[in-house]
Amino acid sequence: MQFDTLDAAFEFWKNYGGRTGFGVRKMYANKSRRDGQITTVRYACAKEGHRVPDKRDHLTKTPRAETRTECLVRLGLQFNRESSKFEVHDFVSEHNHVLHTEETCFMIPTQRNLADGQTVHIDFATDSGLKPKAAHQFFSQQVGGRENLGYTERDQKNYLRSKRQKDMAYGEAGSLLRYLHNQSCENPSFQYAVQLDSEEQITNIFWADTRMIIAYAHFGDVITFDTTYSTNKEYRPFGVFAGFNHHRETIIFGAALLYDETAESFKWLFQTFLEAHKQKKPKTIFTDQDPAMAKALSEVLPDTFHGLCSWHIMQNGIKHLGYLMKEGSYFLTEFSACMYEHEEVEEFEDAWSAMLDRYNVCTNPWLLKTYEIKEKWAKCHMKEVFTIGMRSTQLSESLNSDLKDHLKSDMDIIRFFNQFERVANDKHYKELEAESDIIKFEIMFDNQF
């Protein structure tokens, strides 16, 4: 048997091993000192020889199992200078170990290979939010079974891990800045800013793409800012500026990664937000009860009404006064009524006082503190406030829910950005769907008349 090239010879040896049920390896290749031509080559079974002992083995707590059995199966080739081909001159076929069955041959390492086209498909699936296991099952069904795919689920996970390590080669901060810079190069309207501390370490990052900037120009009168979602296992807060469009669909005006949550950092963030949106200030903004955030808003947006998210207030009420909400108690109902129902200040004051007396909580610190800022949450004090029906950051909670569906707590920052971009694109697609429905309705209406 002859081969034109060594690549063809090794491909034959791999295929033979796949059909027979064993892995293969290259043993050696000898070159001629005269002209450097490879003269002899030997390919062997993967279980040939034995692993050389490592001097560090005594330090290993869980050493790898020995897989070699000194198997003698091999294929020797010799170069024929007259024909310029490689000829078989040595072949041993008897193994000293159990071979793979026909059903498991596709799992042999040398029978597995991730082709470039397959890695592209894996990247697309990952960017689309498809989990690795689901993606592997999908690709397997496309080719008629896992045995025809050419790689295993573990190979796919190893590829994704290597790709993430490559993406994060500059460290988290460096990779993040590199990502943002690339985005701004691809789209000059992409806005981002980085806040540094006294030691030139990144503290906060803000960004807004073209669609966010256009959306804010049209619908930025009433906005929410929410930081309840954390990007990863370090619980770094992820802040989102959001609002409603004319279809009452959630739209995003900007986003931020907060490494630091002091009043000065929030002040920088709100100033940066205004700079990105050409100093257009919202009429109303809803946030949670963070005092540092409130202080920053009073300095940066003194003319903007700062409302407190009703949902956060209710959650804090349950946290601080849960003991009053036992079976049969109407405390939560009465507290909710003070927030949503009483339109006159006098009516609100009477209901509030009656509630405090009824449940004997006149001196409760949380209720006293909440009452001091009643202008930010009580309906009677917000009658003249422009809110377009918005009273909480729950639309941001909706966005957070979408993010949690596609993100994991151990996800690196670059994958987080890619997935956030995908979720933002989904929100934009819903806007287009709503716009399309309106057009269809208008066409139907015109046809009737």
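This is a predicted model: local features need pLDDT of at least 70, side-chain atom pairs count only at pLDDT 80 or more; totals for chains, interfaces and linings use all residues.
Helix α12 spans residues 365-372, and its buried residues are Trp366, Leu367 and Thr370. Viewed down the axis of α12, these buried residues fall within an arc of 95 degrees, so they line one face of the helix. The spacing follows a general rule. An α-helix has 3.6 residues a turn, so residues three or four places apart point the same way.

Helix α3 covers residues 132-142. Its buried residues are Ala135, His136, Phe139 and Ser140. They take up an arc of only 135 degrees around the axis, which puts them on the same side of α3. Lys133 and Gln141 are exposed and sit on the face of α3 turned away from its buried side. Just after α3 comes Gly144, with a positive phi of about 90 degrees.

**Salt bridges**

The structure holds 15 salt bridges. In general terms, side chains of opposite charge can pair when their charged atoms come close.

|---|---|---|---|
| Arg68 and Glu48 | 4.0 Å | Arg68, 27% | Glu48, 18% |
| Glu299 and Lys295 | 2.9 Å | Glu299, 38% | Lys295, 43% |
| Glu375 and Lys374 | 3.7 Å | Glu375, 36% | Lys374, 12% |

Take Arg68 and Glu48 first. Their side chains meet in a salt bridge. Arg68 lies in the loop between β3 (38-45) and β4 (74-80), and Glu48 lies in the loop between β3 and β4, so the pair ties together parts that are 20 residues apart in sequence. Arg68 is partly exposed. Glu48 counts as buried, because its relative accessibility of 18% is under the 20% cut-off.

Next come Glu299 and Lys295, whose side chains also form a salt bridge. Both residues lie in helix α8 (residues 291-300). They are four residues apart there, about one turn of the helix. Glu299 counts as partly exposed, and Lys295 is partly exposed as well.

Glu375 and Lys374 make up the remaining pair in the table. Glu375 counts as partly exposed at 36% relative accessibility. Lys374 is buried, with a relative accessible area of 12%. Elsewhere, salt bridges that share partners join Arg25, Glu48 and Arg68 into one network.

**A negative surface patch**

Glu341, Glu346, Glu347 and Asp350 form a negative surface patch. One of these residues, Asp350, lies in helix α11, which runs over residues 345-358. Asp350 is partly exposed, with a relative accessible area of 48%.

Met212 belongs to helix α6 (residues 210-219). Met212 is buried, at a relative accessible area of 5%. Along the sequence, Met212 and Ile252 are 40 residues apart. In space, their C-alpha atoms are 5.8 Å apart.

Most residues other than glycine have a negative phi.

Lys278 is not a glycine, yet has a positive phi of about 55 degrees. Lys278 sits in the loop between α7 (263-276) and β11 (284-287). With 75% relative accessibility, Lys278 counts as exposed, because the cut-off for that class is over 50%.

Ile388 is not a glycine either, and has a positive phi of about 45 degrees. Its place is in the loop between α12 and α13 (394-406). Ile388 counts as partly exposed, at 35% relative accessibility.

Key: Residues are numbered from 1 along each chain as its sequence is written. Side-chain values use heavy atoms; hydrogens and water are left out. Patches are made of residues with over 30% relative accessible area and no salt bridge: like charges are joined within 9 Å, nonpolar side chains (Val, Leu, Ile, Met, Phe, Trp, Tyr) within 5 Å. Accessible areas come from the Shrake-Rupley method with a 1.4 Å probe; for residues, only the protein chains shown count as cover. Lys and Arg count as positive and Asp and Glu as negative; His and the chain ends are not counted. The place of a charge is taken as NZ of Lys, CZ of Arg, CG of Asp or CD of Glu. Helices (H or I, at least four residues) and strands (E, at least two) are DSSP runs, numbered from the N terminus. Buried means under 20% relative accessible area, exposed over 50%, partly exposed in between (1.4 Å probe, protein chains only). The arc is that of the directions from the helix axis to the C-beta atoms.
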